[in-house]
Amino acid sequence: MTEPEILTTRDGAVATLTLNRPDALNAITPTMLVTLGDELEMLAADETVSVVTLTGAGRAFSAGVDLKALGDRELVDGKVGDVLDLPARRVTGLLATMPAITLARVNGFCFTGALELVLACDLTVAAEEAKFGDTHAKFGLRPTWGMSQRLPRLVGLAAARELSFTARTFSGAEAASLGLVARAVPLDRLDAAVADLLGDLLANSAGSLRAYKDLCREAIERPLADGLAYEAATEYPIDDTAARLADFR
């Protein structure tokens with residue numbers, strides 16, 4: 001029986017989606033992206049989900065796009081084509097905008113298309129030994145899932161240019177120093193670090209976290225004056241304020 005390309009598990013308010021092609025280093029296929037988008041869409045509609053964790057089975061997060069899955073399709077002007085672009089943009093859009101906090105757990109290789117998925121997540125915890133890279137330029141490709149916009153916003157324009165123009169590999173430890181990932185720890189402590197971060201997140205108000213996610217996204221997309229006006233004008237349903245303040249009033 002064929003293993004599913006995406007595994008979904010649930011532990012309370014945390015859902016975990018696992019890229020599940022370990023023998024192929026979880027290389028990304030069109031069907032994987034479609035399934036991942038379907039799962040994210042269902043989780044986005046579930047108000048009981050506070051955090052969605054995205055990770056990879058085996059020794060890789062993902063080696064990137066499985067170009068073999070494209071068959072004999074001609075790649076024009078460095079684009080992988082709509083068969084991958086359309087479901088991938090749906091996935092990155094959901095990771096970035098769904099109400100739940102999205103957390104990438106990067107355990108190993110994370111290249112190009114996989115890095116684009118990580119960049120769309122709200123937070124990333126990586127193994128210091130993990131290997132990252134934007135290899136588009138190495139193979140005569142260009143980004144079409146958001147890399148050119150999200151990477152400079154995270155690490156700054158100069159660092160983003162250097163990483164993408166050189167197509168070099170860099171470690172999880174360097175990714176943390178650049179601000180690309182929130183926390184980097186030795187691989188044998190990765191699960192504990194993810195659990196610690198999940199504990200920190202789940203200890204807080206789910207309504208507040210959803211508000212922060214929306215406000216942080218707007219902070220990236222709007223000029224300061226517009227962002228301040230948006231913050232002042234936007235209402236969010238937060239139903240646990242009174243209970244959380246009760247001991248202090």
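Predicted model: local features only at pLDDT ≥ 70, side-chain atom pairs only at ≥ 80, totals over all residues.
**Ground rules.** Residue numbers start from 1 along each chain as its sequence is written, and side-chain values use heavy atoms, with hydrogens and water left out. Local features need pLDDT of at least 70 and side-chain atom pairs count only at pLDDT 80 or more, while totals for chains, interfaces and linings use all residues.

**Helix pair.** I looked up helix 1 (residues 30-44) and helix 2 (residues 82-97): they pack at about 30°, axes 9 Å apart. Helices here are DSSP runs of H or I, at least four residues, and strands are E runs of at least two, numbered from the N terminus. Axes are lines fitted to C-alpha atoms, for helices over the stretch in contact, and angles run from 0 to 180 degrees between N-to-C directions. So helix 1 is roughly parallel to helix 2 (angles under 35 degrees count as that).

I then checked who touches whom, contact being heavy atoms within 4.5 Å.

I found four strands in an open sheet, order 4-6-8-9, with mixed pairing; to pair, two strands need at least two DSSP bridges between them. Strand 4 (60-62) and strand 9 (169-171) are the edges. The twist averages 20° from one strand to the next.

Strand 6 (residues 109-111) and strand 8 (residues 131-133) run parallel, joined by two bridges. Phe 111 has Gly 133 in strand 8 as its bridge partner.

**Last look.** Helix 3 (residues 113-120) lies across strand 4, strand 6 and strand 8, at about 90° to strand 6.

Key: Parallel < 35°, antiparallel > 145°, perpendicular 65-115°, else oblique.
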